[in-house]
Amino acid sequence: MTSPHIPADEIRAAFSAAMSELYRAEVPAYGTLIELVRQVNDETLAGDPALRERLEDTDTLDRISEERHGAIRLGTPAELSMMRRVFAVMGMYPVGYYDLSTAGVPVHSTAFRPVGEKALSKNPFRVFTSLLRLDLIADETLRREAEEILGKRRIFTNEAIALTQKAEQEGGLDKADAGRFVAEVLETFRWHDKANVSLEMYRRLHDAHRLVADVVSFKGPHINHLTPRTLDIDAVQARMPEHGIAPKAVVEGPPSRKCPILLRQTSFKALQEAVSFADADGSWKTGSHTARFGEIEQRGIGLTPKGRALYDDLLNRSRAVVRPAADGSNAHEYEAALAEVFQAFPDNWDDIRANGLGYFIYSLTEKGRTRRLPDAALSLETLIAEGLIRFDPIVYEDFLPVSAAGIFQSNLGDDAQQEFKASPNQLRFEADLGAAVLNEFDHYAAIEQGSIEACLRVLTAQEAAE
Ligand code: OOG
Ligand code: NI
């Protein structure tokens with residue numbers, strides 16, 4: 001007899017927990033960050049009973065400080081498409097396309113994440129996944145050598161591949177297989193302090209771009225950061241130094257606001273770690289590599305294309321006034337400019353909604369639940385004004401390319417910023433991935449539309465149908 005399959009959401013939750021444990025053991029500073037985040041979250045909740053109440057209704061308070069995302073960088077199309085299959089077993093699907101070439105990082109990316117409110121609330125863990133773009137590296141010889149090195153490595157264990165195939169064939173995994181699957185997949189994300197290449201090769205890759213060295217030199221795509229959710233990102237940023245961890249210069253994303261929008265994130269700077277490089281004669285040479293860090297995030301409402309265009313425009317405008325320096329020397333000026341420029345973005349939910357800037361989820365109020373209307377003659381606006389329908393912001397569950405670039409850069413070394421020609425290539429990415437990515441705007445719009453229709457269905461339902 002076969003045992004029943006366990007839900008993909010549970011496999012994802014187990015994987016996220018295992019990843020957290022692995023990373024805390026590998027990067028002790030990350031454990032320190034997690035402690036600080038817990039402390040600040042506890043203090044914030046203690047000082048804000050209304051927030052506590054709201055979160056009690058919508059979230060699981062005891063899991064508030066758990067990881068929300070992590071990131072990896074892959075080397076080849078084959079790795080990317082296999083990774084897609086592995087994540088699918090955990091209920092994680094590619095959402096969004098991010099071109100980072102414009103920001104001087106030779107990758108393009110997607111986020112593997114649970115889709116839909118139910119799956120997100122069971123466990124929200126996502127992995128921002130980048131594919132190296134050797135086509136952006138000018139040195140053709142080096143490009144070929146890098147390709148050859150990457151072509152030889154195997155980042156998945158045989159057992160991980162076999163269990164993924166089994167899950168695909170049988171539509172899921174039972175408890176015992178799921179446990180093995182998590183343990184085997186974790187191997188792919190582990191750190192290797194012995195490089196795949198000689199020190200000389202590492203240097204050449206590094207000279208082409210630090211990111212090329214990070215991807216090509218190792219046996220696998222080590223998880224490069226994990227990111228818990230904080231309820232007060234500015235407080236954690238300010239207190240990192242007290243705990244012996246160095247924050248990046250500024251918080252990425254929008255400024256602090258009454259009505260949070262999109263995503264704010266910051267990190268502590270990547271650590272320099274000892275790595276051994278094998279020489280052709282079989283001896284080991286010691287060097288170092290900087291790749292792994294810890295990050296925190298705070299999320300706000302998802303913006304419509306119109307809201308997003310306004311956000312992008314305001315961000316560009318404030319960056320035209322002050323560009324944040326890597327050493328933090330103008331952090332205050334940057335924050336002031338950002339706050340000033342963002343005054344143009346409405347900061348109350350009514351205006352954000354009225355201007356079509358954000359996505360909202362609509363639901364019936366207490367009063368709405370007891371009323372029946374003859375037919376759908378009344379407009380949504382009237383129903384809201386009459387107090388039959390309420391609206392709440394839909395949380396942004398994706399990423400921001402400019403912010404991601406800021407995170408990449410502060411962790412690749414701020415000195416060497418390289419220029420690439422903007423060359424988004426979503427079709428190539430999707431061909432390599434072996435699937436199309438979900439368009440995040442369409443997804444939010446569908447959630448919003450679905451919630452409106454559900455309200456109207458109940459309001460106009462015939463009494464007899466009840
Ligand atoms: C990914 C950086 C992007 C974020 O939070 O925007 C990211 C990376 O450094 O590989 O994780
Ligand atoms: Ni991140």
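How many Å separate a polar side-chain atom of R73 from an oxygen atom of ligand 1? I looked this up and found 2.7 Å, within the limit for a polar contact, a pair of N or O atoms within 3.5 Å.

Before going on, I noted that the model is predicted, that local features need pLDDT of at least 70 and side-chain atom pairs pLDDT 80 or more, and that totals for chains, interfaces and linings use all residues. I also noted that residues are numbered from 1 along each chain, that chains are lettered from A and ligands numbered from 1 in the order written, and that side-chain values use heavy atoms, without hydrogens and water.

I then turned to the other contacts of ligand 1, where an oxygen atom is 3.0 Å from an N or O atom in the side chain of H69, and an oxygen atom is 2.9 Å from one in the side chain of H225. Taken alone, ligand 1 exposes 320 Å², and the protein buries 100% of that (Shrake-Rupley method, 1.4 Å probe). I listed the residues around ligand 1, with a heavy atom within 4 Å, and among them are F128, N224, E295 and F408.

Next I looked at helix 18, residues 426–433 (a DSSP run of H or I, at least four residues). I found F429, E430, D432 and L433 buried, that is, under 20% relative accessible area, whereas exposed means over 50% (1.4 Å probe, protein chains only). Seen down the axis, these buried residues fall within an arc of 160 degrees, so they line one face of helix 18, the arc being taken from the directions from the axis to the C-beta atoms. On the other side, L427 and A431 are exposed.

Methods. Helix = DSSP H or I, 4+ residues; strand = E, 2+ residues; numbered from the N terminus. Polar contact = N/O pair within 3.5 Å; in protein donor to acceptor, adjacent residues only side chain to side chain.
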